[in-house]
Amino acid sequence: MGLISNDAWHKRFFSVAPPAALVFFFVLIFVAGAIVTLDHKESLSILQLQPKGVIAAVEMRPPATSELRSSATTEPRAEPAEEPDICENKCRPPGSEPLPRGIVQDKSNFEMESLGGNPERKENGNGRQPKSLLAIPVGIKQKAIVDKLVSKFPEAKFTVMLFHYDGEVDGWRDLEWSRRAIHVAVRDQTKWWFAKRFLHPDLVAEYDYVFLWDEDIEVDSFDPLRYLRIVRKEGLEISQPALDRRSQIHHRLTARARSGDVHRRYYKTNGHDRCYGNSTGPPCTGWVEMMVPVFSRAAWRCAWHMIQNDLVYAWGMDYKLGYCAQGDRSRNVGVVDSEYVFHRGIPTLGDDGKATVSASSLGRDRLAVRQRSYTELQVFNRRWKKAVAEDGCWTDPYPKSAATTA
């Protein structure tokens, strides 16, 4: 009976055990799933409170056993860089923003165009050859001197521009080259007044060099093409032809040296205004006078900005031109000796271009010109000092540029 009872109990147990085990198994799965779901929700809620970089780091973390060890050194992952906007920062000239970029031409020149010419020649590579610009203030009294001067500059290489300070234009029409010159007539204005208003760098950007000369210059010993060859060879950004020693010479640096093509400094070891070998500034070195300066394209772009709109004599500016030398002024500024000119020194400002004028009236006018020149020198120097003091981003490349040092 015992055996029979025991067998019966086993039969009942094994008949009930499989369903019960199955139910227990499903209950276990349900509870585990609930725990996992709760943990996931808690983790998600925590991640939603973290910055995006920390979320990325959490998603990439190793299992929990190493998390405590690595959490202190985990760094945010850098976000991918945004694609640059190719339509921004195109440096368009002001005012051209509404136009497609390719149609904008922000520079010009003084070249004349034939009314019946073919504009496609330049597009096809048959355009103009490189040229330079000769600009001169002129009065009809100096017509003969100017005629000889301009005739030395070949048409194929130079464009000529005349500033008629006496307002007289018709009297020049009989000269052969006058038909190709650009004539600007405004009475009683100076060379620098004209230059500031009509020689903007964008208007002369196609010219290699700008010759901004006075009218009372004789050029019997001067060849402009040879002069430019020397300038290019020597790397001169600002230059002038030397002055014949018979000229009216204001500073010894500009007088013609006895030998060589170029000089950049001069020496004077006694008397007033001494210049030694270690003198670093004008007028000992890095300096030209204002009657026959020649500027490279880059140097003129700088110098034009320095010309003050209301200071028409430009006194004082010659001492600052070296800042526009595109580098070391003691190397890039020089006087060409082998091509020299004669400066007649004829005073023309103040006589109003009149054929006849009384001596007393002329004297008063010339005195007024001289007085304003000195006043402009003082004003320019004050403006320079004020600009230097206010510009905290500007560094003076010549902080100790005393003209002479012992």
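## Basis of the model

Residues are numbered from 1 along each chain as its sequence is written. In this predicted model, local features need pLDDT of at least 70 and side-chain atom pairs count only at pLDDT 80 or more, whereas totals for chains, interfaces and linings use all residues, and side-chain values use heavy atoms, with hydrogens and water left out.

## An enclosed helix

Helices (H or I, at least four residues) and strands (E, at least two) are DSSP runs, numbered from the N terminus. In helix H6 (residues 191-198), 6 of the 8 residues are buried, so H6 is largely enclosed by the rest of the structure; buried means under 20% relative accessible area, with a 1.4 Å probe and protein chains only. These buried residues are Lys 191, Trp 192, Trp 193, Phe 194, Ala 195 and Lys 196, and what covers them includes strand S1 (131-138), strand S2 (158-164) and H8.

## The nonpolar cores

A nonpolar core is a set of buried Ala, Val, Leu, Ile, Met, Phe, Trp, Tyr and Cys residues joined through side-chain atoms within 4.5 Å. The largest one has 39 residues, of which Met 161, Leu 199, Trp 300 and Met 317 touch the most other members. H8 gives the most to this core, with 5 residues. Apart from it lies another core, of 32 residues, among them Tyr 227 and Val 294.

How values were computed
Buried means under 20% relative accessible area, exposed over 50%, partly exposed in between (1.4 Å probe, protein chains only). Contact means heavy atoms within 4.5 Å.
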